[in-house]
Amino acid sequence: MHKPTISRKLFVVINTIVLTGITLLGIIPFIHLLSISLSSNTAAMAGEVKLWPVGFSWDAYVYLGEKVEFFRSLWVSIERVVLGTAVNMFLVFITAFPLSKSNDQFKYRTPYVWFFAITMFFGGGLIPTYIVVKNTGLIDSIWSLILPGALNVWNMVLMLNFFRSIPKELDEAARIDGAGHWRVLWQIYLPVSLPSIATIGLFTIVGHWNAWFDGILYMNSPDKYPLQTYLSTLIMSINAQMTSISIEQLKAMENLSEKTLRTAQIFMGALPIMVVYPFLQKYFVKGMTVGSVKE
């Protein structure tokens with residue numbers, strides 16, 4: 001076994017320092033947000049909070065957690081993520097699979113590819129989309145948050161390229177054994193596509209969880225707002241609410257301000273994704289790079 005050279009040791013040290021610095025650049029902003037949300041109103045407004053709470057206070061989280069609307073909107077977001085991810089992934093699978101075939105296997109593949117590609121660069125616009133959603137009876141329904149963007153073409157292209165990297169011998173062997181298109185997709189292609197599925201699934205989950213504008217656009221009742229829409233409207237209404245509460249309530253929330261509440265909602269909005277990401281991280285890099293090299 002060769003002894004590491006000085007240059008190798010120096011490279012490892014520098015590489016460790018650089019990667020540690022990059023990691024801290026990603027973590028420190030969230031620590032700062034958490035510290036502000038747990039600090040007193042005076043310290044937060046004065047800019048005294050760095051990486052540790054000043055005048056520790058749970059008021060921002062208590063204010064959010066005690067509201068029934070918060071948990072109702074949280075459930076709407078969870079429902080949206082579960083249903084939306086299932087619908088999006090299913091449509092991505094059944095669209096990418098035939099388009100991954102050659103022109104000999106799928107005669108009209110090229111026109112279909114161009115049909116989907118055009119939608120990546122040109123959209124119908126906000127007003128036509130709203131009219132379609134309204135005329136189909138989806139207003140005030142959870143499906144109005146899912147169906148308008150049910151097929152993400154970019155995710156479909158990623159999955160298509162992954163499918164094209166799968167050896168053709170697997171497909172041919174399955175067809176010799178009598179497997180049809182559906183069986184080849186579900187029993188051959190998808191089991192070996194976990195890295196790509198995890199990557200696209202993460203993109204889809206993040207997209208549904210962070211979306212807020214369509215909630216305002218398609219939901220007439222605030223009771224049906226997803227979490228991000230609810231939190232965005234909460235900040236706009238906090239000042240009006242503060243003027244209408246009693247003296248006792250005002251004293252109980254003396255450490256609550258727009259800044260602490262805003263940072264609390266940002267942190268809580270990002271927390272579920274931060275919890276999910278580590279479980280998908282091992283697939284993420286592989287899912288982005290596999291399929292980029294062809295035979």
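A nonpolar patch here is made of residues with over 30% relative accessible area and no salt bridge, with nonpolar side chains (Val, Leu, Ile, Met, Phe, Trp, Tyr) joined within 5 Å. By that rule, Trp114, Ile118, Met120, Phe121, Phe122 and Trp154 form one on the surface, with about 770 Å² of accessible area together. This is a predicted model, so local features need pLDDT of at least 70 and side-chain atom pairs count only at pLDDT 80 or more, while totals for chains, interfaces and linings use all residues. Residues are numbered from 1 along each chain as its sequence is written, and side-chain values use heavy atoms, leaving out hydrogens and water.

**Helix H5 and the patch**

- H5 gives the most to the nonpolar patch, with 4 residues; helices are DSSP runs (H or I, at least four residues) numbered from the N terminus.
- Accessible areas come from the Shrake-Rupley method with a 1.4 Å probe, and for residues only the protein chains shown count as cover.
- Ile118 sits in H5 and is partly exposed at 45% relative accessible area; buried means under 20%, exposed over 50%, and partly exposed is in between.
- H5 spans residues 109-121, and Arg109, Phe116 and Ala117 are buried in it.
- Helix H4 (68-99) and H7 are included in what covers the buried residues of H5.

**Salt bridges**

- The whole structure has 4 salt bridges, each being a side-chain nitrogen of Lys or Arg within 4 Å of a carboxyl oxygen of Asp or Glu.
- Arg80 pairs with Asp214, with the closest N and O atoms 2.6 Å apart.
- That pair links distant parts of the chain, with Arg80 in helix H4 and Asp214 in helix H11, 134 residues apart.
- Both ends are buried: Arg80 at 4% relative accessibility and Asp214 at 16%.
- Asp171 bridges to Lys101 at 2.5 Å between the closest N and O atoms.
- Asp171 is in helix H8 (residues 168-176) and Lys101 in the loop between H4 and H5, so this bridge ties together parts 70 residues apart in sequence.
- Asp171 also meets Arg175 in a salt bridge (2.7 Å, N to O), and these two both lie in H8, 4 residues apart, about one turn of the helix.
- Shared partners join Lys101, Asp171 and Arg175 into one network.

**Aromatic pairs**

- There are 14 aromatic pairs, counting rings of Phe, Tyr and Trp (its six-membered ring) with centres within 6.5 Å; planes under 30 degrees apart are stacked, over 60 edge-to-face, and the rest tilted.
- Trp58 and Tyr61 are edge-to-face, at 6.2 Å centre to centre and 70 degrees between the planes.
- Tyr130 and Tyr218 are stacked, because their ring centres are 6.2 Å apart and their planes at 10 degrees.
- Phe90, Phe93, Trp182 and Trp186 make up one aromatic cluster.

**The loop between H6 and H7**

- Asp140 lies in this loop and has a positive phi of about 70 degrees although it is not a glycine.
- Most residues other than glycine have a negative phi.
- Pro148 is in the loop too, and touches Val133 and Trp143 when neighbours within four places in sequence are left aside; contact means heavy atoms within 4.5 Å.

Note on methods. Buried < 20%, exposed > 50% of the residue type's maximum accessible area, 1.4 Å probe, protein only. Patch = residues over 30% accessible without salt bridge, like charges linked within 9 Å, V, L, I, M, F, W, Y side chains within 5 Å.
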